[in-house]
Amino acid sequence: MDESLTIKEKGLGIAMTTIFIAGQMAGGGVLMLPGAMVSTGPAGLALLIYFTVNGAFVGTRLGYCWIMIEERFPEFREACRDPYPVIAEKAVGKVGRYFATVCIIAVQYGTGCGFLILMAKFMDNIFEYGGWSGDMTPCKWMAVWALLITPLCWFGSPHDFWFVAPTALLATVTACLMIMFRESMDVNNQESCYFNNKTQENRNFDPEFPSIDFLGFGEAFSLIMFAFAGAASFPTYQSDMKDRRDFPKAVLGAMLILILIYLPMAATGYFQLGVLARDDGGIVCALCEGGVKLAVEVLLLVHLVSAYPMFMNPPNQFIEELLGIPATFNVKRTVFRSLVVAVLLFLAESLPSFSAILQLVSSIFVTCLTFIFPPLFYMRLVAKSSDNKIWEQRSLGIFERIMCYQAIIIGLFGGVLSFISSIKYIQESSYVPCYMQEMARSC
């Protein structure tokens with residue numbers, strides 16, 4: 001394909017795309033990694049490394065899928081509001097398009113629900129610590145945050161809100177460093193909250209490590225999977241790049257950043273705290289009260305607010321295309337996107353559990369978008385290159401084909417296991433909708 005047709009005058013570069021991917025993915029998911037380790041033991045570190053390697057592989061395959069789409073169908077070389085469903089349709093037909101769209105909507109909007117819950121918990125804890133809470137509760141804070149976050153969701157495509165990506169990533173990295181520092185200090189400080197139940201004869205903090213069961217790996221699979229739940233946005237970022245052929249490089253860079261954050265966070269939380277690292281609100285809720293925890297919650301609020309429009313943008317664009325809402329900033333867009341946030345607020349108030357939403361969404365939809373669809377669509381598009389002699393003829397090597405099949409098989413197996421685990425988790429937990437009973441403070 002002519003190089004002049006693949007490079008736009010304006011668009012995201014490799015560095016900014018890398019930051020967008022890492023900034024979106026490194027947030028709510030990283031907080032659950034120490035808890036995921038509790039379900040698997042040290043084997044969870046190997047599982048985390050595997051997810052990173054596999055994420056890099058399937059992410060680059062998804063990038064190559066869009067490159068093939070642009071090569072074969074010139075109409076998609078300009079702006080495209082639904083690149084992932086387009087890939088699905090060209091690979092496996094209309095059914096693939098519909099199913100991919102459902103998965104994207106479920107993942108991105110499900111994440112939006114989870115983020116509202118997490119923001120409410122952090123804000124409630126900050127005000128409770130400062131003695132300013134008054135009549136405010138986590139359920140009421142959800143409504144406040146939904147109102148505050150709505151205007152950020154009115155932006156059009158990623159290049160319109162490029163500033164949120166570096167903000168989200170920097171906030172997450174800083175918060176993670178503070179979390180690991182606070183954990184390491186408090187487990188060696190006899191005055192910390194971890195020593196409250198220790199006797200005078202035993203003044204050492206010895207973390208408890210529960211036994212590992214098979215379903216525990218299903219829970220860990222969904223929790224770790226959520227930490228890589230950005231694939232739905234990959235084609236959106238790629239279509240916004242100046243040179244879309246550079247996207248695989250951005251994916252590899254983002255995965256390197258993520259593993260440098262994820263591995264230390266998972267290992268430090270698990271080995272320092274043991275079973276205490278498992279909490280519905282993530283590792284932050286396992287920290288001792290104090291100024292460091294307060295600062296961490298503020299930083300994570302910055303990340304959640306910054307990442308929110310990145311998660312909401314892809315499904316919003318898909319549905320707006322179906323409804324015939326223009327791609328420019330207009331009243332219809334603002335009304336539609338405001339209504340979306342209102343619906344997500346209702347869903348979050350109905351199931352006020354971040355971990356439950358995370359596990360359920362990850363087990364089915366994230367698994368499909370991250371593990372199963374990219375290699376499947378890639379193999380189908382490569383095979384279809386023989387349909388037209390004008391197209392660049394492509395083929396798969398043995399190693400590449402094996403990598404594609406293993407991702408699909410592991411995705412199917414892990415998805416079923418994690419779905420069973422998520423249903424069991426929800427059944428064993430007791431969550432009452434906010435409009436029936438106020439959510440108890442738990443962070």
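Asp243 is buried, at a relative accessible area of 12%; here buried means under 20% relative accessible area, exposed over 50%, and partly exposed in between, with a 1.4 Å probe and protein chains only. The model I am presenting is predicted, and local features need pLDDT of at least 70, side-chain atom pairs count only at pLDDT 80 or more, while totals for chains, interfaces and linings use all residues. Residues are numbered from 1 along each chain as its sequence is written, and side-chain values use heavy atoms, leaving out hydrogens and water.

Let me stay with Asp243. Its side chain meets that of Arg245 in a salt bridge, 3.0 Å from N to O; the term requires a side-chain nitrogen of Lys or Arg within 4 Å of a carboxyl oxygen of Asp or Glu. Arg245 is partly exposed, with 33% relative accessibility. By this rule, the count comes to 12 salt bridges.

I turn next to Arg244. This residue pairs with Glu70, the closest N and O atoms being 2.8 Å apart.

Finally, a network of salt bridges links Asp82, Glu89, Lys94 and Arg97. Within it, Lys94 and Glu89 have their closest N and O atoms 3.3 Å apart. Lys94 is partly exposed at 47% relative accessibility, and Glu89 is partly exposed at 22%.
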